[in-house]
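Hi,

Here is the structure I promised to pass on. Have a look at it first, and then read on for what turned up.

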Amino acid sequence: MAGLGSTPGAEPGLCSRYSSRSSRPDRLGRQGQGGSEAGTAANESGGGQAATEGGGRAHAGVERCRTENLEAAFATGQDAQPVPEEGADGSTTATIVLMNKGSYSCKLGGFPGVDLTSINGGERWSLVRSSQKWSSVEVEAGQSTEFTLNLAFTKEEEGFYQPAWVEITPPNETKALKIEWPWETDTLVDQRGATHPGTFVNPIG
């Protein structure tokens with residue numbers, strides 16, 4: 001189980017946002033500790049972009065978003081299926097949308113805990129965090145914000161990892177949201193023990 005646990009928002013299923021540009025993971029990116037507002041040492045100063053549809057920078061007094069009030073989904077293309085697009089460096093960025101399904105505004109900021117799990121749950125990969133800066137964002141009821149995953153795909157028949165599920169723990173929460181890995185035939189380079197893996201998580205806001 002994950003431990004304690006932006007860019008313009010989009011409703012799940014409405015659009016796809018893939019890019020080959022993102023910060024590499026920081027050397028201090030920690031695995032297996034779920035979401036965190038603190039993030040890595042490079043993220044503790046905050047100050048990243050946090051504008052979202054139906055939201056903006058968090059106001060004082062707004063409570064943090066709880067897992068039970070959020071819904072997660074991969075952003076999709078016109079065919080309602082996330083299709084990874086290969087960048088010049090062979091990597092891609094996929095967007096995960098977090099919708100506030102509660103009745104009141106709440107705030108999100110920092111890094112979610114993201115764990116990839118295999119079909120039987122026996123092979124777990126806790127993604128490290130990038131060195132991107134962040135700031136908290138207020139998400140109105142019924143609106144959404146998002147974060148991205150950098151993914152290093154491979155077509156090799158050895159040294160790969162095949163996820164089945166993605167577990168997302170919001171910052172400062174202990175319960176995770178679980179969504180299905182959408183690419184059944186696409187595998188990742190297995191870099192679970194790497195210091196600077198090509199697969200990593202970027203901040204929410």
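For burial, a residue is called buried under 20% relative accessible area, exposed over 50%, and partly exposed in between (1.4 Å probe, protein chains only). By that scale Arg 124 is partly exposed, with a relative accessible area of 33%.

Please keep in mind that this is a predicted model, in which local features need pLDDT of at least 70 and side-chain atom pairs count only at pLDDT 80 or more, while totals for chains, interfaces and linings use all residues. Residues are numbered from 1 along each chain as its sequence is written, and side-chain values use heavy atoms, with hydrogens and water left out.

Now the salt bridges (a side-chain nitrogen of Lys or Arg within 4 Å of a carboxyl oxygen of Asp or Glu): there are 6. Arg 124 pairs with Glu 167 at 3.1 Å, N to O. This joins strand 6 to strand 11, 43 residues apart (strands are DSSP runs of E, at least two residues, and are numbered from the N terminus). Arg 124 also forms a salt bridge with Asp 115, at 3.9 Å between the closest N and O atoms.

Elsewhere, Arg 64, Arg 66 and Glu 173 form a salt-bridge network.

Finally, the whole structure has 1 disulfide (cysteine sulfur atoms within 2.5 Å). Cys 65 and Cys 106 make this link, with their sulfurs 2.0 Å apart. Cys 65 sits in the loop between strand 1 and strand 2 and Cys 106 in strand 4, so the bond ties together parts 41 residues apart in sequence.

Best wishes

Methods:
Helices (H or I, at least four residues) and strands (E, at least two) are DSSP runs, numbered from the N terminus.
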